[in-house]
Amino acid sequence: MKQRDDQLIALRPELPQVSTHDQMSDQEFFQNNTLRPILKFQNDLLLAIFRHYIEKHKGVFYEISPQRQMDYIESAIHKDMKFRNILKGLVLGQFTLEEYQIYTLDSSAINKRILSMIKERLKSQVQLLSR
């Protein structure tokens with residue numbers, strides 16, 4: 001398993017703008033050292049998954065106003081349990097064994113962080129979701 005963990009970590013981009021310090025909570029540290037690099041690494045796949053979701057739902061997203069597009073993103077992630085699980089899997093599958101063990105200690109709070117970060121990531125890149 002050590003080899004897998006090393007390979008996963010080697011794939012992740014370095015994010016020099018993300019800092020860590022002693023006063024940081026464990027969850028914040030996990031978010032900055034694990035979740036942010038994974039989401040950055042998985043960004044293109046995340047966008048492709050959301051585009052597929054839009055198409056699966058008849059492309060309504062493309063005909064609505066920018067504000068409604070933001071609401072659509074919120075709603076899709078908040079209400080569609082199957083879609084939420086796909087998004088969480090996108091991140092969890094990139095965890096090392098140690099990171100997974102940390103995740104299991106407070107999975108509910110970490111899931112909220114993951115989904116919140118994904119929402120913000122999609123919203124900030126909404127222009128890339130156009131046809």
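**View 1. Glu74 and its partners in a predicted model.** Glu74 is partly exposed, with a relative accessible area of 28%. In this predicted model, the side chains of Glu74 and Lys123 meet in a salt bridge, with 2.4 Å from N to O. Glu74 belongs to helix α4 and Lys123 to helix α7, so this pair ties together parts that are 49 residues apart in sequence. Lys123 counts as buried at 18% relative accessibility, because buried means under 20%. Salt bridges with shared partners join Glu74, Lys119 and Lys123 into one network.

**View 2. The salt bridge between Lys119 and Glu74.** The closest N and O atoms of Lys119 and Glu74 are 3.4 Å apart. Lys119 sits in helix α7 and Glu74 in helix α4, and the pair links parts of the chain 45 residues apart. Lys119 has a relative accessibility of 17% and counts as buried.

**View 3. Helix α7 and what covers it.** Helix α7 covers residues 107-124, which is 18 residues. At 1.5 Å a residue, α7 should span 26 Å; the C-alpha atoms at its ends are 25 Å apart, which agrees. Buried residues of α7 include Ile110, Ile114, Leu115, Met117, Ile118 and Leu122. Asn111 of α7 is buried too, as are Lys119 and Lys123. Among the elements that cover the buried residues of α7 are α2 (26-41), α3, α4 (66-79), α5 and α6 (97-105).

**View 4. The salt bridge between Arg12 and Glu99.** The structure holds five salt bridges, and one of them joins Arg12 to Glu99, with the closest N and O atoms 2.6 Å apart. Arg12 lies in the loop between α1 (2-11) and α2, while Glu99 lies in helix α6, so the pair ties together parts 87 residues apart in sequence. Both partners are buried: Arg12 has a relative accessible area of 10%, and Glu99 has one of 8%.

**View 5. The aromatic pair Phe50 and Phe83.** A pair of aromatic rings is described by the distance of the centres and the angle of the planes. The whole structure contains 11 aromatic pairs. One of them, Phe50 with Phe83, is tilted, at 6.0 Å centre to centre and 45° between the planes. This pair links distant parts of the chain: Phe50 is in helix α3 (residues 43-56) and Phe83 is in helix α5 (residues 81-92), 33 residues apart. Phe50 counts as buried at 0% relative accessibility, and Phe83 is buried with a relative accessible area of 4%.

**View 6. A cluster of aromatic rings.** Phe50 and Phe83 belong to a cluster linked by ring pairs. Tyr53, Phe61, Tyr62 and Tyr72 are also part of this cluster.

Note on methods
Residues numbered from 1 in each chain as written. Predicted model: local features only at pLDDT ≥ 70, side-chain atom pairs only at ≥ 80, totals over all residues. Heavy atoms only, no water. Phe/Tyr/Trp six-rings, centres within 6.5 Å; stacked < 30°, edge-to-face > 60°. Helix = DSSP H or I, 4+ residues; strand = E, 2+ residues; numbered from the N terminus. Buried < 20%, exposed > 50% of the residue type's maximum accessible area, 1.4 Å probe, protein only. Expected span 1.5 Å × (residues − 1). Contact = heavy atoms within 4.5 Å. Salt bridge = Lys/Arg side-chain N within 4 Å of Asp/Glu carboxyl O.
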